[in-house]
Amino acid sequence: MTEFYFVRHGKTEINAEGRFNGGTVDSPLIASGVEATKRMAQHLKNVRFDRALSSPQMRAQTTAKIILAENDSPVELTVVEGLREMRLGDWDGEKIDRITATYPEDLKNYRTRPDLFDAQKFHGETYEQLIARSTAVIHETAKAYPEEKLLVVSHGILLMALLNTLKGAPLAKIRESGIVDNSSLTRMTYSEAGVHFDVWGQTF
């Protein structure tokens with residue numbers, strides 16, 4: 001049984017500014033994001049991780065490094081491209097309010113009907129592509145490390161799509177439970193019997 005500790009990165013400047021924070025933009029964590037991550041780090045201080053994986057984006061790497069710096073038995077951080085946030089193309093970095101006003105129907109599909117969202121219209125990544133690359137990371141990692149504890153630090157849309165897909169939700173319904181908060185923890189066990197979640201979106 002592989003035990004995954006999924007973490008969404010701390011709140012960033014782009015989050016605070018109400019802009020799309022996708023796979024082709026980045027910004028530093030703000031003070032509250034650092035503090036929230038440090039509180040989580042204290043909660044995870046005694047967990048003996050065997051591996052630590054992070055998205056290549058600096059907001060995720062910074063979050064992972066804060067957690068590992070507080071850990072009693074820190075491990076080396078491995079950057080995994082497949083954990084990068086969903087690429088939103090022309091929307092990345094744009095004000096959410098502006099996109100809402102300009103593309104109301106497309107934004108509605110993005111938020112409520114992933115199966116109808118036409119990402120190619122905005123030179124972005126589809127939900128199907130996001131799910132394919134992120135689930136591949138988890139399946140391959142669990143196969144390679146069937147008895148280990150892993151820290152996985154990534155992003156809101158990716159974790160929402162990945163975790164709900166692993167739970168068995170169809171594409172049209174992966175957004176129904178909402179996005180986990182910044183600096184939140186979701187814990188999942190993965191075995192031949194399937195997946196089980198005992199923590200979902202916990203903040204500290």
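UniProt, in an unreviewed entry, places the feature "active site" at His 9 and Glu 85. Positions from UniProt are in the numbering used here, feature names are shortened, and annotations may be inferred rather than shown by experiment. The lining of the largest pocket takes in both His 9 and Glu 85.

This is a predicted model: local features need pLDDT of at least 70, side-chain atom pairs count only at pLDDT 80 or more, and totals for chains, interfaces and linings use all residues. Residues are numbered from 1 along each chain as its sequence is written, and side-chain values use heavy atoms, with hydrogens and water left out.

A pocket, on a 1 Å grid over the protein atoms alone, is an open set of points with protein on both sides within 12 Å along at least five of seven lines; lining residues have an atom within 4 Å of a point.

His 9 sits in the loop between β1 (2–8) and α1 (13–16). Helices (H or I, at least four residues) and strands (E, at least two) are DSSP runs, numbered from the N terminus.

Now the helix packing. Helix α2 (residues 31–43) packs on helix α3 (residues 58–70) at about 40°, with axes 8 Å apart. Axes are lines fitted to C-alpha atoms, for helices over the stretch in contact, and angles run from 0 to 180 degrees between N-to-C directions. That makes α2 oblique to α3; angles under 35 degrees count as roughly parallel, over 145 as roughly antiparallel, 65 to 115 as roughly perpendicular and the rest as oblique.

For the second pair, α6 (residues 127–144) and α7 (residues 156–167), the angle is about 70° and the axes are 9 Å apart. That makes α6 roughly perpendicular to α7. Which residues of α6 meet α7? They are Tyr 127, Leu 130, Ile 131, Arg 133, Ser 134, Thr 135, Ile 138 and His 139, where contact means heavy atoms within 4.5 Å. On the α7 side, the residues include Ile 157, Leu 158 and Met 160.

Technical notes. On a 1 Å grid over the protein atoms alone, a cavity is a set of points where a 1.4 Å probe fits but cannot get out, and a pocket is an open set with protein on both sides within 12 Å along at least five of seven lines; lining residues have an atom within 4 Å of a point.
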